[in-house]
Amino acid sequence: MVIAVSAMNFLLAPLTLGSFLPSLPLDSLFSTQGIMVMLLAAYAGAMWMFLTSAPKVHTVMVSDLEIARQLYEGLLDLPAAEVPLHYYYNYEQTMGATGIDPLYMSTSPSLSGRMMNNANDGLWYQLKKNTQLHVITGASLGTKNQQRHVCFDRDCLDMILMRVETRGLKFKIRNQKPLNFLVKDYEGRIIEVAEVAN
């Protein structure tokens, strides 16, 4: 027995999206609300990818930026890092003043220009694969005018202390909670590294 089947009808039949997804109501999917929901889902996915890929940034305030550069680049051999994307547009400065134009903040054009470029102020180092160190000025001098490095994050100071230990620098732990230790550089300067207790 031979059954004749014509395959031409199947090849020439137009295939639509509804033939692959018969239970999906396409009229509601491509409506204005459906498109808005798809755009919001795509935006949420893009933001999630951006936020999870952004590096964690630890900030250390120092009393002298040049001595800090000698410590972190020279003695601790930390590689320089790129400024993260969310720091390019004055992120931390515009958190509370989004409606104020920086031109109105000062009458001096050099000061307002400096405020716009503060993402590059300070030093940027790579601590770990997705962790960066931002070194800025702002700490006061310690006792006997010794250099101070101040941080609010214990994890950051633990990573710096581990780097000090592996480089064979002389150090002395003064206090565990909050962490406070002294580092002696090759020029005999004592640098106090302190965690600020909350």
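This report walks through the fold, the core, the surface and the charged pairs of a predicted protein model.

Two notes on conventions come before the tour. Residues are numbered from 1 along each chain as its sequence is written, and side-chain values use heavy atoms, with hydrogens and water left out. Since the model is predicted, local features need pLDDT of at least 70 and side-chain atom pairs count only at pLDDT 80 or more, while totals for chains, interfaces and linings use all residues.

## Overall fold

The protein chain has seven helices and seven strands; these are DSSP runs, with helices being H or I of at least four residues and strands E of at least two, numbered from the N terminus. Reading from the N terminus, the order is α-α-α-α-β-α-α-β-β-β-α-β-β-β. Of its 198 residues, 29% count as buried (buried is under 20% relative accessible area, exposed over 50%, and partly exposed in between, with a 1.4 Å probe and protein chains only). The chain exposes about 13700 Å², and carbon and sulfur atoms supply 61% of that area; accessible areas come from the Shrake-Rupley method with a 1.4 Å probe, and for residues only the protein chains shown count as cover. Among contacts with a separation of 6 or more, 65% are between residues 24 or more positions apart, where contact means heavy atoms within 4.5 Å.

## The helix with a record annotation

UniProt, in an unreviewed entry, places the feature "transmembrane region" at residues 34–51; its positions are given in the numbering used here, feature names are shortened, and annotations may be inferred rather than shown by experiment. In the model, that stretch is 100% helix and 0% strand, with its end C-alpha atoms 26 Å apart. Phe-30, Ile-35, Met-36, Met-38 and Leu-39 form a nonpolar surface patch with about 480 Å² of accessible area together. Patches are made of residues with over 30% relative accessible area and no salt bridge, with like charges joined within 9 Å and nonpolar side chains (Val, Leu, Ile, Met, Phe, Trp, Tyr) within 5 Å. Leu-39 belongs to helix α4 (residues 32–53) and is exposed, at a relative accessible area of 51%.

## The nonpolar core

A nonpolar core is a set of buried Ala, Val, Leu, Ile, Met, Phe, Trp, Tyr and Cys residues joined through side-chain atoms within 4.5 Å. The largest one has 27 residues, of which Val-60, Tyr-72, Leu-76, Leu-133, Val-135 and Ile-160 touch the most other members. At least two core residues come from each of β1 (56–62), α5 (65–75), β2 (123–128), β3, α7 (154–166), β6 (180–184) and β7 (190–195). Helix α7 gives the most, with six residues. Beyond its neighbours within four places in sequence, Thr-131 is in contact with Lys-56, His-58, Tyr-125, Gln-126 and Met-159.

## Loops and backbone details

A cis peptide bond, with omega about -10°, joins Lys-177 and Pro-178. Pro-178 lies in the loop between β5 (170–175) and β6. Asp-77 has a positive phi near 55° although it is not glycine; this residue is in the loop between α5 and α6 (109–116) and is partly exposed at 47% relative accessibility.

Gln-146, in the loop between β3 and β4 (147–151), is buried with a relative accessible area of 14%. Apart from neighbours within four places in sequence, Gln-146 is in contact with Leu-141, Arg-174, Leu-182, Ile-190 and Glu-192.

## Charged pairs

Side chains of opposite charge can pair when their charged atoms come close. The whole structure holds nine salt bridges, each being a side-chain nitrogen of Lys or Arg within 4 Å of a carboxyl oxygen of Asp or Glu.

| Pair | N to O distance |
|---|---|
| Arg-148 and Glu-192 | 3.4 Å |
| Asp-158 and Arg-154 | 3.2 Å |
| Asp-185 and Arg-189 | 2.8 Å |

The pair of Arg-148 in strand β4 and Glu-192 in strand β7 links distant parts of the chain, 44 residues apart. Glu-192 is buried at 9% relative accessibility. Asp-158 and Arg-154 are about one helical turn apart, because four residues separate them in helix α7. Both count as partly exposed, Asp-158 at 33% and Arg-154 at 25%. In the remaining pair of the table, Asp-185 is buried at 8%, whereas Arg-189 is partly exposed at 24%. Elsewhere, salt bridges that share partners join Glu-66, Arg-69 and Glu-73 into one network.
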